[in-house]
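The entries follow the structure.

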Amino acid sequence: MNVLDYVVLFAAILGIAGYGAWHTRHRSDMAAYWKGVGKTRWTVIGISVMATQASAITFLSTPGQGYDGGLRFVQNYFGLPLALIVVAAIFLPLYRRLNVYTAYEFLGKRFDGRARLLGAALFLLQRGLQAGITIYAPAIVLTTVMGWRLDLTIICTGLVVIAYTVSGGSDAVSVTQKYQFGVIFAGMLAAVIVLIMRLPDALSMGDALRVAGGFDKLDAVDFRFDLSERYNVWSGIIGGVFLSLSYFGTDQSQVQRYLTGPSLRESRLGLMFNALFKIPMQFCILLLGVLLFVFYQFEPAPVYFDTTAWEQAKVEGASDQLTALESAYATAHDERAESIRMWLEAERAGDAVTAEAARSSALAAHERGQAIRTDAIAALQQTNERAKTEDYDYVFITFVLDFLPHGLIGLLIAVFFAAALSSLAAELSALGETTNVDFYRFVFRRVAPERHYVTSSRWLTVFWGVVAIGFALFANQQENLIEAINIVGSLFYGVVLGMFCVAFFVRHVGGWSVFWGAIVSQCLIFVLFFSDVFDFSYLYYNMIGCVGCVLLSIVLQFAIQRAKQQPEA
Amino acid sequence: MMDRSNPITHPRNTSFDSGSDEHSTGLPGFKTWRGVYYFVLIVFVAYVMLFKAFELAFS
């Protein structure tokens with residue numbers, strides 16, 4: 001990065017944060033601080049909901065998913081439109097009618113204080129963990145490739161978010177997200193344009209897609225029913241509905257976003273905006289990863305995309321072995337590139353037999369390359385035990401730094417930071433609000449002036465910001481960041497959703513039953529996750545937690561009623 | 001702590017149809033929210049079919 005890149009980066013990030021803080025500096029009552037001043041339009045709500053979900057990991061890691069696994073990850077989002085319809089039709093009207101600040105207030109009104117506190121506690125636990133991942137995940141990748149200090153990057157990112165979130169509350173989050181998303185859109189579009197322009201001259205877009213299809217990278221939809229398959233239509237729809245329903249319907253970081261709408265109509269349209277555009281957005285980001293795969297079929301690719309770790313291993317004594325692997329990988333790459341050229345030429349000439357033979361040759365060279373990569377990672381881990389077995393989070397950032405012109409590099413780094421700030425701000429705001437409304441005000445101080453609660457909210461947001469920074473400083477690396485954040489969510493979301501489903505749809509169940517039903521279901525999820533007995537996609541944890549909580553609550557309620565009836569008999 | 005469902009705040013005991021914006025979408029071509037939801041479902045099915053067609057076109 002040069003001076004121009006740093007100017008673009010700091011102007012985009014600090015300019016937006018500063019504007020957000022200035023624009024919302026006079027929020028001094030609870031309603032304005034947490035719900036805005038009632039002028040938020042559906043476009044801003046829609047962007048805010050989308051920006052909260054799409055963190056830096058989305059833009060760093062998802063192209064890597066596309067590069068490695070092709071388009072199949074898009075199935076992860078198939079449950080989202082269905083879930084958003086349910087949230088818009090059922091959850092949202094009730095939240096608005098009860099005029100709640102947090103989703104967990106609803107549990108308190110429907111059941112009792114114990115259920116409210118449990119729902120809020122589960123949210124704080126999982127969202128507190130995820131806030132740490134949100135700040136740590138992009139920092140570890142960016143600092144590795146940029147050579148920045150990890151601790152300083154984490155602390156500076158956290159402090160910027162804390163500053164404007166504390167200043168303007170939920171409204172500041174919405175205002176900044178609108179502009180941050182503009183930076184993200186512009187940056188990603190620029191990257192796609194540069195990538196397409198950088199493809200070989202003789203390679204048309206159709207050729208590029210044929211190459212991707214030949215390597216099965218365009219397999220977006222898999223209808224086979226297999227519980228152990230992480231991504232197929234069924235895990236996406238069944239597990240994805242529960243995951244999305246829980247995330248959008250009961251996670252305060254999202255509930256807070258759409259409750260800022262001045263009317264039910266604006267909030268609903270904001271949700272429908274996401275129901276329509278989230279899947280194509282993820283598809284486009286994955287397609288960017290697929291095109292990166294095609295690009296690196298012709299452009300020499302590093303054996304291991306975390307080149308800093310690779311060079312470090314060379315310095316630490318594995319130089320001869322790693323250099324030999326680099327040489328073998330380059331040979332396999334050249335053979336593959338040549339086979340692909342022959343394959344495309346044969347297709348243009350209409351020679352199907354030669355085309356298929358050349359494609360088989362390209363696939364064989366690809367397999368050799370993958371085998372060399374496996375050996376390379378094993379050699380790397382002999383030098384450095386902490387080296388990751390997957391390096392796909394580094395694919396897009398490597399392309400950005402190696403092939404984008406100066407100025408655009410700064411813009412793309414700003415994209416990653418803008419995405420990190422937008423989702424972290426929403427998380428901290430929701431954590432602060434939930435702690436304030438569901439614990440501080442509900443348990444410790446029920447009556448106080450509005451300004452007191454705004455002040456306590458501000459301090460609690462600072463507290464969660466510090467917790468997120470602390471967690472990020474001590475976090476361990478995950479193999480793939482976007483999966484890590486989804487897995488953590490899936491462990492808790494199902495049970496919380498189960499509590500809300502009981503509240504909405506099972507009339508006769510009371511607070512005691514749902515409380516213990518939720519506790520036992522959560523324990524069951526932990527047992528399933530930590531034991532190796534069952535092998536199924538993590539998306540199904542959402543369904544198991546939800547169904548378990550609902551069924552156990554009903555059974556417990558039935559047992560209570562039986563126990564009450566027996567003495568009378 | 002009380003162990004009793006709260007009949008007042010249960011969704012079945014509250015009217016979903018109060019307020020004008022419950023009915024009106026304000027969108028051209030969509031008189032009710034149900035129509036909007038059907039439209040979203042149809043678009044989702046179209047996405048899945050397009051993805052499959054895209055996959056088959058270049059496989």
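I looked up Arg127(A) and found it buried at 3% relative accessibility; buried means under 20% relative accessible area, exposed over 50%, and partly exposed in between, with a 1.4 Å probe and protein chains only. The model is predicted, so local features need pLDDT of at least 70 and side-chain atom pairs pLDDT 80 or more, whereas totals for chains, interfaces and linings use all residues. Residues are numbered from 1 along each chain as its sequence is written, chains are lettered from A and ligands numbered from 1 in the order written, and side-chain values use heavy atoms, without hydrogens and water.

I then looked for the partner of Arg127(A): its side chain meets that of Glu427(A) in a salt bridge at 2.6 Å, N to O. I took a salt bridge as a side-chain nitrogen of Lys or Arg within 4 Å of a carboxyl oxygen of Asp or Glu. The pair joins helix α7 to helix α16 (residues 408-444) of chain A, 300 residues apart; helices (H or I) are DSSP runs of at least four residues, numbered from the N terminus. Glu427(A) is also buried, at 4%.

I next noted Arg373(A) and Asp391(A), which form a salt bridge at 2.9 Å, N to O. Both are buried.

For contrast, I checked Arg341(A) and Glu338(A), bridged at 3.9 Å, N to O. They are partly exposed, Arg341(A) at 38% and Glu338(A) at 42%. They lie 3 residues apart in helix α13 (residues 307-349) of chain A, and are therefore separated by about one helical turn.

Over all chains, I recorded 17 salt bridges.

Definitions and conventions. Helix = DSSP H or I, 4+ residues; strand = E, 2+ residues; numbered from the N terminus.
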